[in-house]
Amino acid sequence: MTDIILETRKLTRAFGGLVAVDNVDLEIETGKITAIIGPNGAGKTTLFNLVAGVYRVTSGELNFQGKSIDKMSPVKRTGIGIARTFQHVHLFSNMTALENVMTGQHSRSSYGFLESAFLLPKKFREEERIRLNAMKYLNMVGLGQHVQESALNLPLGQQKLLAIARALATEPKLLLLDEPGAGLNRLEKRDLSDLIRRIREMEITVILVEHDMPLVMGLAEKVIVLDTGKKIAEGTAAQVQKDKKVIAAYLGDEEENL
Amino acid sequence: MARRILKRWRLLLIPVVIAFMALVPFDWFLGQYKYLGTVIGISTIVTVGLCLFMGYTGQVSLGQAAFYGIGMSFSAVLSSVHGLNPWLAMLIAACVTGLVALLLGIILRLKGNYLAMATLAVGFIVWKIAVIDDMGYTGGPDGIRGIPYLSIGSLEFDSQFKRYYLVWGFCLAILLISQNIVNSRIGRALRAVHGSEEAAESLGINVFRFKLKIFVVSAVYASIAGSLFAHHQLHVSPGYFEPIDSVYLVIMAVIGGLASIWGAIFGAATVEILRNEILIHYDKWNMVILGLILMVILILMPEGLFVALKKGYQQEGVFFIPKRIWRLAQNYYSRIKGFRKRKMAQSLAGEPEQ
């Protein structure tokens with residue numbers, strides 16, 4: 001019996017008449033790397049947004065570590081340990097790399113306006129810890145030399161790593177990576193899968209949405225396939241690849257062509 | 001070598017500026033400008049609030065004069081009509097302004113142009129309420145007279161000379177506080193809201209709450225400035241916080257650099273000197289000229305005049321302005337002469353360059 005960190009039951013999200021996520025049942029095991037794949041418009045990013053709290057659930061259940069979170073604000077979800085990255089990086093271009101990661105520590109520190117304005121001791125204590133932690137995560141993703149670089153001046157590959165470092169700085173239990181490999185070259189992708197494995201070793205559960213099949217096959221212990229909002233297959237990478245429904249979803253219905 | 005000397009100069013710059021500002025009100029120095037200096041200090045306080053709200057958090061306020069006006073009017077009414085201690089009046093005014101900003105905070109759900117329009121409306125509403133004055137409080141367009149001076153113990157700020165230091169004391173305190181806020185977890189959260197609201201939310205930053213808090217802070221700054229003005233001028237009227245004054249404040253913030261705390265002094269000084277010393281002789285052209293300056297700054301140096309000067313100095317040294325003008329002149333000269341055309345023709349024809 002394995003631990004389930006995230007569980008959905010008949011999770012549904014509709015935008016007007018369009019049902020983007022349709023009665024999806026998921027069980028994500030703690031400490032594993034799970035990949036969600038599917039053709040364009042399958043509802044993968046919507047599913048992420050539901051888990052992260054950007055969208056509200058239309059119907060169904062959404063449980064994190066056994067507790068319902070579907071009424072929780074995104075801010076609180078960060079607090080209980082859900083972090084995410086974005087398909088379009090969304091770095092803070094007005095900050096340095098270090099400051100970006102330090103911002104990630106926001107929910108793990110508590111000093112406020114008064115402590116900042118009047119330089120109370122609590123500020124210095126926490127700021128020291130924030131800086132050390134941020135450096136730790138920057139080093140972990142291999143950006144230790146680019147501390148003072150403006151986030152915007154980094155190449156895309158490093159921007160993606162920086163975004164992961166920033167998400168890690170929220171000290172999550174569950175990390176959602178939205179197409180981390182998109183736009184990276186082969187070397188960068190190899191570094192990325194190394195990094196994701198190391199994140200797993202930190203006992204952080206990883207869910208990734210990804211189009212790059214070799215990357216997914218090399219990493220994921222479990223693959224979930226979505227198509228037009230529905231879950232059509234689930235299993236190890238090898239199982240999923242042989243699944244008739246999956247092949248049909250990606251290549252069009254083969255029987256029709258025969 | 002030269003660079004090292006320049007660096008030392010830069011270290012000297014700060015005490016020189018402080019000494020200069022401390023000596024302004026003395027008659028043997030720039031005594032005749034101590035009124036102007038005081039006004040610059042007051043405007044700087046409002047501008048800093050605007051920089052926090054606009055430059056760091058990335059919002060827009062075209063109604064900041066409203067909060068300035070609320071602080072000014074409450075201070076004036078409470079201390080003159082009700083005879084309250086001016087400091088207490090100032091505190092109450094700041095609290096009331098903060099509360100008003102908190103209640104108006106709902107408009108912060110709006111973004112960009114819509115927020116600009118909503119804040120503009122706030123400016124008009126507050127000004128109009130003060131002008132119409134149904135309840136006979138603010139004295140209508142004539143305003144209120146008989147406001148007492150501020151005083152600490154037996155020290156009464158009854159001369160221009162003393163008030164200059166009072167205002168700049170407040171101003172420096174507020175600049176330092178703002179500087180501290182910017183260089184902290186809070187400052188990072190504010191900049192994160194500016195950078196990407198989605199990402200900020202995903203990191204556990206409550207975007208709306210931070211917008212609201214900084215809006216209240218900027219309103220309280222404006223209120224303090226308004227109170228200082230009331231006890232400085234001893235006469236207040238809605239004419240001092242017309243909606244157009246909000247635009248002046250935005251111009252100050254832009255000239256100083258929206259994302260620059262210390263630039264606020266520079267921005268406030270530039271606009272106040274232009275308004276009070278130079279443009280006063282060309283009354284009709286006042287706003288036209290300021291508008292043109294604003295346009296030029298937004299096109300050529302969107303990060304603000306102060307920041308642009310600082311960067312230019314860092315890149316090319318003290319004489320960067322003549323250097324750049326010289327380059328610009330050379331560029332134009334060569335264009336007029338058709339120099340480039342000939343050069344291109346030569347290279348196309350394969351002739352060796354001179």
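Student: Let me start with one pair of strands. Which residue in strand 8 of chain A stands opposite A:Thr34?

Tutor: Good place to start, and keep in mind that this is a predicted model. Strand 3 of chain A covers residues 33-37 and strand 8 of chain A covers residues 205-209, and the two run parallel, joined by four bridges. For A:Thr34, the residue standing opposite in strand 8 of chain A is A:Ile207.

Student: Which residue in strand 9 of chain A is the bridge partner of A:Ala35?

Tutor: Strand 9 of chain A, residues 222-227, pairs with strand 3 of chain A in the parallel sense, over four bridges. Within that pairing, the bridge partner of A:Ala35 is A:Val223.

Student: Which residues of strand 3 of chain A point the other way from A:Ile33, A:Ala35 and A:Ile37?

Tutor: In a regular strand, side chains alternate between the two faces of the sheet. Strand 3 of chain A is mostly covered, with five of its five residues buried. A:Ile33, A:Ala35 and A:Ile37 point one way, and the buried residues pointing the other way are A:Thr34 and A:Ile36.

Student: What is the order of the strands in the open sheet of six strands in chain A?

Tutor: Begin at the edges, where a strand pairs on one side only: these are strand 6 (82-84) and strand 10 (230-235) of chain A. Neighbouring strands in this sheet are turned by 20 degrees against each other on average, with direction ignored. The pairing is mixed, and the order in chain A is 6-7-8-3-9-10.

Student: At about what angle does helix 7 of chain A run to strand 8 of chain A?

Tutor: Helix 7 of chain A spans residues 186-201 and lies across strand 3, strand 7 (174-178) and strand 8 of chain A. Angles here go from 0 to 180 degrees between N-to-C directions. For helix 7 and strand 8 of chain A, the angle is about 150 degrees.

Student: Now the open sheet of four strands in chain A: what is its order?

Tutor: Its edge strands are strand 2 and strand 5 (67-68) of chain A, each pairing on one side only. Strand 1 of chain A pairs with strand 4 (residues 59-64) of chain A in the antiparallel sense over five bridges, and A:Arg9 has A:Glu61 as its bridge partner there. The pairing in this sheet is antiparallel and the order is 2-1-4-5.

Student: Which residue in the turn between strand 1 and strand 2 of chain A has a positive phi?

Tutor: Strand 1 (residues 4-15) and strand 2 (residues 18-29) of chain A run antiparallel and are joined by eight bridges. Across them, A:Leu11 stands opposite A:Val24, and A:Arg13 stands opposite A:Val21. The two strands form a hairpin with two residues between them, and the one in the turn with a positive phi, about 60 degrees, is A:Gly16.

Student: How many of the residues on the side of chain A that touches chain B are charged?

Tutor: The contact takes 29 residues from chain A and 22 residues from chain B. On the chain A side, helix 2 (74-80), helix 3 (97-104), helix 4 (113-117) and helix 5 (121-140) each supply at least two residues. That side divides into twelve nonpolar and 13 polar residues, and the number of charged ones is four.

Student: What percentage of the residues of chain B count as buried?

Tutor: The secondary structure of chain B comes to 15 helices and two strands, and its C-alpha trace spans about 90 × 55 × 45 Å along the principal axes. A residue counts as buried if 20 or more other C-beta atoms lie within 10 Å of its own. Of the 354 residues of chain B, the buried share is 44%.

Student: Last one: which element of chain A has the lowest mean pLDDT?

Tutor: Chain A averages a pLDDT of 89, and 97% of the residues score at least 70. Among its elements, helix 3 has the highest mean, 95, while the lowest, 48, belongs to helix 11 (residues 254-257) of chain A.

Definitions and conventions:
Residues are numbered from 1 along each chain as its sequence is written. Chains are lettered from A and ligands numbered from 1 in the order in which they are written. This is a predicted model: local features need pLDDT of at least 70, side-chain atom pairs count only at pLDDT 80 or more; totals for chains, interfaces and linings use all residues. Two strands pair if DSSP finds at least two bridges between them. Two residues are in contact if their C-beta atoms, placed from the backbone, lie within 7 Å. Ala, Val, Leu, Ile, Met, Phe, Trp, Tyr, Cys and Pro count as nonpolar, Asp, Glu, Lys and Arg as charged, and the others, Gly among them, as polar. pLDDT is the predictor's confidence in each residue, from 0 to 100. A residue is buried if 20 or more other C-beta atoms lie within 10 Å of its own, exposed if 12 or fewer, and partly exposed in between; C-beta atoms are placed from the backbone.
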